[in-house]
Each structure stands twice: as C-alpha cells, then as structure tokens.
Amino acid sequence: MEKTVLYHFLTEVPEAAAIWSALLVLALGLLAALVARPERDTPPDLAPDPAAEEAARLADLRRYADEVAVAAAGAAQTARRRREQWLAAQDEADRSWRAYDEAEAAARRFAGAAILPAPRTPRTPAEYAARERWLHHAAMAVHWRGDLTARQLADVLAHRNGWDPRRHPAEQEIVLARAVRDRRRAGWRTAAEREQRAWRDAELAAEAARTLAAEAYAAAEALRPGSAPVHRAGPATRSLAPVPAGTRTVRTARWRPARVG
C-alpha cells in the first residue's frame, strides 16, 4: 500500500509541476502583451470624446477671455490715470515756465536799470540802517512769496554769500531779482523733469493697455462660431487686432523761448 502511494506521488508530481509551469509562462506572456499594448483592451466607453474635448477647450478659452478682459479694463483705467497725471505735470511745468519767464524779464529790466548811476544819498549810520531794513523786509517778502529758500533768507539776514546791506536799494533789487530768477529756473527744470517722467509712464501704460485690448479682442473673436483658434500672446508675441479709439496718448509739443543763463 505504501509503495503504491509513493509510486503515484513520484509519477504525478512532476507532471503537475510541468502543467503549473506552462500556465505560469502563459500568464506572464499575456501580462506582457497587456502592458505593451493597453489600447487594445480599452473599453469603448472610455475612448476620448471629441465633443467633450471641444467643450473643455471652449470653457478654457472662455475663462481666458474673461481674465484678459478684466486685465484689459484695469490697464485702461491705469492708462487714463497716468495720462491725467501727465497732463497735471504738464500744466505744472507750463506754470513754472511762465513764472521763470516773468522772473527772467524782471531781471533783464533791473539789469538795464543798473546802467544808470545810483542815486546819491548821505553815507551815514542812519542811511546804512535804513538800507539794511529795506533789504531784510524785501528778502522776507520774496521768501514768503516762495522765491527764496529758508537758507537763502538766512544768508540775507546774516549778510553772507554776497548779501551786503550797505548797498543801495536799487542794487539790492538787482541781486534779489537774479536770485528769484535762479530759484524759478530751478523750479521749472524740476517740473520739466517730472513732466518727462510722467509722460514716459503714461506712454508705457498706454502701450500695455493697447496690447491687452488687442488680446481681449482676439480672445472674444475666437469664441465666435467658426472662428480660428486663438494664439495667446506671450512675452514675445502679440495678437493683431483693431485697437479701440481713444487709447493712444499724444504728447503735445510746447514752444519755449530762448533761455538766458
């Protein structure tokens, strides 16, 4: 009995092992085929749907069009604000120029009057005190008008940096007129530089607004039925589309008379 069991075990186990080995090789082959070409086993209901892809594309394009429209509106507001700032700076530069031109004309008149001899007055302590009071009063009036800085007024009151209270008031008027002219010329140059910066900022803002407006127009056109796909503008590309009127800033030229040093 024991010999019969042992005989069956020895004869059937190798046969079973061979069968299991064959099945294992077949399973590995099928697994390799599935990994190498999975599309053959893809269910029909999981295949890409062209209509769904087109809907997703349109939704993405619509979101992009909304975003670029908001950005274009913000850029247009910024451009208008920068233009208003430039116009205000331009007006300030014009006022500064007119003030400087008036001071230059006054300095020329006083310089022409300097050719005439100064009136003869007695050289007494009372006369010099009167001249000093006149100079102090005139300098303070010019300072409160904004044509002398606090440091310049201190120089006048301390009689330094060329301010001599012993001079005749006619001579002092010439010195004061030149100081006012120089002060207004410095103010005009500062205002002109500020106007130049404001103009450059306005031009940059207008250019950004034009670019975003063109991109928003192209994105809106792409949403229309039958339109070609839109190419989003990146740092080096821009969509070509009509630019709304009124978005360009034009810098007006201003005439300036010859400056005299």
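This is a predicted model: local features need pLDDT of at least 70, side-chain atom pairs count only at pLDDT 80 or more; totals for chains, interfaces and linings use all residues.

Residues are numbered from 1 along each chain as its sequence is written, and side-chain values use heavy atoms, with hydrogens and water left out.

Start at helix H3, residues 125–144 (helices are DSSP runs of H or I, at least four residues, numbered from the N terminus). Its 20 residues should span 28 Å at 1.5 Å a residue, and the end C-alpha atoms sit 29 Å apart, which agrees (the expected span is 1.5 Å times one less than the number of residues). Just after H3, Gly-146 takes a positive phi of about 95 degrees.

Which way does H3 pack? Its buried residues, including Glu-127, Arg-131 and Leu-135, pack against helix H4 (150–158) and helix H5 (169–222). Here buried means under 20% relative accessible area, exposed over 50% and partly exposed in between, using a 1.4 Å probe and protein chains only.

Now the largest nonpolar core: twelve residues, among them Leu-135, Val-142, Leu-153 and Trp-163. A core is a set of buried Ala, Val, Leu, Ile, Met, Phe, Trp, Tyr and Cys residues joined through side-chain atoms within 4.5 Å. H3, H4 and H5 each supply at least two of its residues, and the largest share, four, comes from H3.

Technical notes: Contact means heavy atoms within 4.5 Å.
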